[in-house]
Amino acid sequence: MICSIVPPYMLRKLAAQDEPRLRAVARAAKESLLHIRSLQAARALAAPATPPGIRQAKPGPPKRTIYDAGTSEKLPGKLVRNEGEAATGDAGADEAYEGLGSTHRLYAEVFGRNSIDGAGLPLDATVHFGRLYDNAFWDGRQMVFGDGDGQIFQRFTKSLTVIGHELAHGVTQHTAGLVYRNQAGALNESMSDVFGVLAEQFLKQQSAEQASWLIGESLFTEQVQGAALRSLKAPGTAYDDDVLGKDPQPDSMDGYVRTSADNGGVHINSGIPNRAFYLVASALGGRAWEAPGRSGTGHLQVAPCRPPARSAASPRRRRPPPRSFSAPDPQSMTPS
Amino acid sequence: MKITVRRSGGLAALTQIWTVEAVTIDDKRRWMPIVEACPWDNADARSAANQPDRFMYAIRAGQRRATLPEKAVTGPWQVLVENAKTEGQESRRR
């Protein structure tokens, strides 16, 4: 069972590159293949059967329902738009409806997946959650979006990448089941970031080169010095603001952050696999939802993944320090 | 008594801290019942898995500590957190 975000066949292809300009890529790929072999040996346990309903031959249309919490924190709230109904005129509700539709199309048309659970699960979302609520989340059954405080954040439905991110948490829950803590949690977050940007790239039909690779672009108000919440292309550079500080995401294991906050830094260390996905996508070129994106869904469908790090699902034990891996310079990577 | 509420996580992973210094007798008289009402001995974040992208709260009051996922901040915990947010000094830390 393999849980690495870059599949071995892709690594083998990269490792076989003998052009001088791709030496760094080939070396990194060889190191990763060696690491995967050691992981495979450690994981030589019988894999649980793949749950039924993960792959659907014919994905159905979306079944969207949008609720309005009216600044309360009670879910799901008042129903404001059902599937097929006209726009409500409420920006948050209509953005959520359209964003869920765009994300559903990515999964259906590109990955052949029938909604979050692979079995046509209805897509429920609540907008206007809480008062000045600076967040969006997946509660295990539905997506929830706050309006932001108006000073730092605007409403969280403004970015399709955020809607795609939240929906992807549902997909991970129904597939790999990555524990939401430490390294497994960072992979969980990274999967959501990857499918968040893919939803946007698919809608805009952007190539890897054209895409911004930003999560949460347009969420910040004009008062904030920053482009977005995170950058898959350049983790650690999304913002640098007097109030918020600097984007803390590392882009390689050299910068791995050990912390008790944020469920063990799940939103911080996700920068590492995020950057890895970007490097693969940019090296392959073209549309990232094709080969790289499909490999991502393939790994989510290997269920459940055993997290490599200590987590709520695995016993406490001492582990060696993280492997040092320096991502190759993207300038030296060109499509083969 | 120093009371600190640290909120981390969330989609944006921005950490916010609210700090209250209950120094005067009147302060302590007002804050002690709020602190005492919380079930500190039963607070264990590991037993309550967090939902993706929700906030995580690390709360301290004197020598007592608790870490709670956002969905567990209800009842007396919610009273403590909301009071700290309203009256505490706010700061951000990365």
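Me: Which residues is S270(A) in contact with, leaving aside neighbours within four places in sequence?
Reply: In this predicted model, S270(A) contacts A186(A), E189(A), S190(A), D193(A), R230(A) and Q249(A). Contact means heavy atoms within 4.5 Å.

Me: Buried or exposed, that S270(A)?
Reply: S270(A) counts as buried, at 0% relative accessibility. Buried means under 20% relative accessible area, exposed over 50%, and partly exposed in between, with a 1.4 Å probe and protein chains only.

Me: And where is S270(A) placed?
Reply: S270(A) is in the loop between α6 and α7 (271-284) of chain A. Helices (H or I, at least four residues) and strands (E, at least two) are DSSP runs, numbered from the N terminus.

Me: What does R230(A) form with E189(A)?
Reply: A salt bridge, with the closest N and O atoms 3.9 Å apart. The term stands for a side-chain nitrogen of Lys or Arg within 4 Å of a carboxyl oxygen of Asp or Glu. R230(A) lies in strand β7 (residues 230-231) and E189(A) in helix α5 (residues 182-204) of chain A, so the pair ties together parts 41 residues apart in sequence. R230(A) and E189(A) are both buried.

Me: What about R230(A) and D193(A), how far apart are the closest N and O atoms?
Reply: They are 2.8 Å apart, and R230(A) and D193(A) form a salt bridge. This pair also links distant parts of the chain, strand β7 and helix α5 of chain A, 37 residues apart. The relative accessibility of R230(A) is 1%, and that of D193(A) is 0%.

Me: How many salt bridges over all chains?
Reply: The search of the whole structure finds 11. Among them, R81(A), D94(A) and E98(A) are linked in a network. In chain B, E70(B) and R54(B) meet in one at 3.1 Å, N to O. E70(B) is in the loop between β4 (64-69) and α2 (75-87), and R54(B) in the loop between α1 (25-36) and β3 (55-61). Both E70(B) and R54(B) are buried.

Me: And how many across the interface of chain A and chain B?
Reply: Zero salt bridges by the rule. There are 12 residue pairs in polar contact between the two chains, both residues at pLDDT 80 or more. A polar contact is a pair of N or O atoms within 3.5 Å; within protein, one must be able to donate a hydrogen and the other to accept it, and residues adjacent in sequence count only if both atoms are side-chain atoms.

Me: Which element gives the largest share of the side of chain A that touches chain B?
Reply: α4(A), with four residues.

Me: How much area is buried between chain A and chain B?
Reply: About 2100 Å², with carbon and sulfur atoms giving 54%. Buried area is the accessible area (1.4 Å probe) that two parts lose on being put together, summed over both. Chain A puts 32 residues into the contact and chain B 19 residues.

Me: Change of topic. What is chain B built from?
Reply: Two helices and five strands, running β-β-α-β-β-α-β from the N terminus. Of its 94 residues, 48% count as buried.

Me: Last one, what are the numbering and pLDDT rules?
Reply: Residues are numbered from 1 along each chain as its sequence is written, and chains are lettered from A and ligands numbered from 1 in the order in which they are written. Local features need pLDDT of at least 70 and side-chain atom pairs pLDDT 80 or more, while totals for chains, interfaces and linings use all residues; side-chain values use heavy atoms, leaving out hydrogens and water.
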